[in-house]
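Subject: Handover of a structure and the findings on it

Dear colleague,

Please find the structure below, together with its sequence.

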Amino acid sequence: MHALGWVAVGLYAAAEAMAIRSLFRPKGLGAAPALVAAGLVAQFLDLQLVGRSLGSVPYRTLGGSIALFAWMLGLAYLALVLRHRERAIGPFLIPFVLAFSVLGVVLPSHAPSGPATRGSLFAFHVTLAILADAAFALSFVLSLLYLIQNRQIRRGRTGVLFSRLPALEVIGRMNRTSATIGIVVLTVSVALGVAWARRVWSGFTDAKLVWALLTLLVYGMMLWMDRRGWEGPRVALLSIFGFLLVLFSYTFVNLYLSQAHVFR
Amino acid sequence: MSDAREARLLLLGWNFRGASGPVRERIAFTTEEVREGLRRLLGKGLVSESVIVSTCHRSEIYGIAEGKGAGEELTRFISDWRGLEPDVLERAAFRRFGAEAARHLFRVAAGLDSMALGESEVLGQVRQALSIARETGSSRAVLHRLFESAVRAGKRVRTETEIGVHPLSIASIGVELANKVFGELAERTVLLLGAGETGTLFARHVLEAGVRNLKIANRTPEHAEHLASRIGAQAVPWETVARELPSADVVVGTTASPEPIVRRADVESAMRQRKGKAMFFLDLAMPPDIEPEVRGIYNVFAYDLDGLEEVAAENRRRRVREVPRVEEILEEELGRFLTWFGNLSVVPTVTDLKRRFEEIRDRELERLPAAERERVRPLADSIVAKLLHEPMRRLKNESDAARKLERLEAVRYLFDLDPD
């Protein structure tokens, strides 16, 4: 089981090594994007196999949802690299793809599927939620890069990181795009989730919903303050804080606070 | 030293290390003079091939020399032509032969021999030297190959190492830092304070960097207007500097003012109007034009002369750290060239050596009566063949190209294979 999932993990690990190596070369993207692309194909096939045995997209299980998250993050990396020829992001982003892929393979991916988790409304709700989380993860990595680059510029350290990382303006722009996508997608996902829950549950107050609204609030504030004088490190810190909320929702809230609303 | 007879590739040069400015100026060739020089060198038969590299810091003559003492003859030729005392020229000159001459050219092409370590301009100058020599018909197989190899090595050094990446000049460093804040500078507004020497230099530099919107303010407005109209910038009144701040992304101070011109309060108010959009200050003036306290404002980047000098020093150290990697690449490419060069000359050397042995054999056989001669000939042949066998095998199989060249030169010297 999951042979292809492990293949993907291996490819991502190789991609990370190549991404770091290319950072120390003056030119060229290196083999990292191609390796990630191959990893994405392997992971996609793995998800398909799992999905076929479950009879649906494998988002209902904890392992499946995390694997799907990793896959979307990998896709986002590829898009960024090909769109902006930005090789400095790889070494920082691929580790997340790698870590979540490992979790996706290791964590259980077979859950009894109750009637509550069928239907396209539900499928869209979960898939979009995972996509939103991938967008926030990207924004998190970009914010780290922003802080690093900001520090390098302030201290006049014009070394490898300085020359490889994009300009602050460019990182900030990519960050805004990711956060905006995350907000829009999460909003749709929450709306679908609420609509679906109305049908299945009889009224609810759910910790995960509260957490999602909090997340939206933080990212909304980040975008708002970006144009109201906080452009710079503060916006990056807000994004990092937002992603901590996402992680907390994924782990702690998922496991302890929410009753019906979990990945198993 | 009998260098001239042992080495066939020869280099005679004057550079900033050995030759004083006035001597270098006297020797320096214009493009037209390079052509003339090449034609005269070949015409006199001093060399069979030649390329001249002439830049502001160096004049170097590469040649394939035939016969002894080509180095001395070349020096005499230059001293006649340039009207310089031979011993003055001689003292300021350096000479390299064979592999050492080739290695020197590779180092020049890679920027290792430049005053600004790792600069890239010299690579273009090496390439140009070859193309002039080709037009003149003075570069043939060997020098053509040598220069193309050097240019290839130089290009590899550019792409595979960081020797040319980190800027050394204060203005370039300032522009590089600003670039890393704003991305493209083309659409940004640069406000330049001062239209003096530093201001003019910096103005040219930012325009070269692609800045389209450059404003210049000077206490004497005529100077600002004069400079602005000369380089296609915009002059703004000195009194309105504070009002110009909100629209300026980059502010550069170059005045001789004893008091700071840009105050913290001005910048704070400008930042409020800019809604926190980043500002970038470069203070190239001493005493400062920009209050140092500006640095503490959120999303404001500010550098003074000391800070920029430190970056320059660090960048210089970075370039020095790259030298071993550069040398590795050069040795690799040099090895490739010398292998080719070595292969090129084993055959003629072996042929010459064989001919020399056969001459001796024939001379000795001549002294015998005809009947004896025919009886001894097979023995003589066999001795010649056996004597030749091992040296030939060893020359052909020597894998280290530089050593092969040295040995070939030694063989040619020991058996006097180069007729004077």
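A salt bridge is counted here when a side-chain nitrogen of Lys or Arg lies within 4 Å of a carboxyl oxygen of Asp or Glu. The model is predicted, so local features need pLDDT of at least 70 and side-chain atom pairs count only at pLDDT 80 or more, while totals for chains, interfaces and linings use all residues. Residues are numbered from 1 along each chain as its sequence is written, chains are lettered from A and ligands numbered from 1 in the order in which they are written, and side-chain values use heavy atoms, with hydrogens and water left out.

Salt bridges

Over all chains, the structure holds 44 salt bridges. One of them links Asp249(B) with Arg188(B), whose closest N and O atoms are 3.5 Å apart. Asp249(B) sits in the loop between α12 (241-244) and β8 (250-253) of chain B, and Arg188(B) in the loop between α9 and β5 (189-193) of chain B, so this pair ties together parts that are 61 residues apart in sequence. Helices (H or I, at least four residues) and strands (E, at least two) are DSSP runs, numbered from the N terminus.

The interface of chains A and B

In chain B, 25 residues are in contact (heavy atoms within 4.5 Å) with 28 residues of chain A. The area buried between the two chains is about 2,200 Å², of which carbon and sulfur atoms give 51%; buried area is the accessible area (1.4 Å probe) that two parts lose on being put together, summed over both. The rule finds 3 salt bridges across this interface. The side chains of Arg164(A) and Glu162(B) meet in a salt bridge at 2.5 Å, N to O. Between chain B and chain A, 19 residue pairs are in polar contact, both residues being at pLDDT 80 or more. A polar contact is a pair of N or O atoms within 3.5 Å; within protein, one must be able to donate a hydrogen and the other to accept it, and residues adjacent in sequence count only if both atoms are side-chain atoms. On the side of chain B that touches chain A, at least two residues each come from α8 (141-160), α9 (170-182), β10 and α14 (305-366) of chain B. The most is given by α9(B), with 6 residues.

Domains of chain B

The domain assignment, whose bounds come from an automatic or database source, gives domain 1 (3-165 + 318-341), domain 2 (170-298) and domain 3 (345-414) of chain B. The centres of domain 1 and domain 3 of chain B, taken over C-alpha atoms, are separated by 35 Å.

The parallel sheet

In chain B, 6 strands form an open sheet with parallel pairing, in the order β7-β6-β5-β8-β9-β10. Two strands pair if DSSP finds at least two bridges between them. The edge strands, each pairing on one side only, are β7 (234-235) and β10 (300-304) of chain B. Strand β6 (residues 213-217) of chain B is joined to β7(B) by 2 bridges, and Ile216(B) stands opposite Ala235(B). Helix α11 (residues 221-231) of chain B packs on this sheet, touching β6 and β7 of chain B, and its direction makes about 160 degrees with that of β6(B). Axes are lines fitted to C-alpha atoms, for helices over the stretch in contact, and angles run from 0 to 180 degrees between N-to-C directions.

The antiparallel sheet

An open sheet of 4 strands in chain B has antiparallel pairing and the order β2-β3-β1-β4. Its edge strands are β2 (47-55) and β4 (94-97) of chain B. Strands β1 (residues 9-15) and β3 (residues 58-65) of chain B pair over 7 bridges, with Arg58(B) as the bridge partner of Asn15(B).

Backbone

The peptide bond from Met286(B) to Pro287(B) is cis, with omega near 0 degrees.

Kind regards
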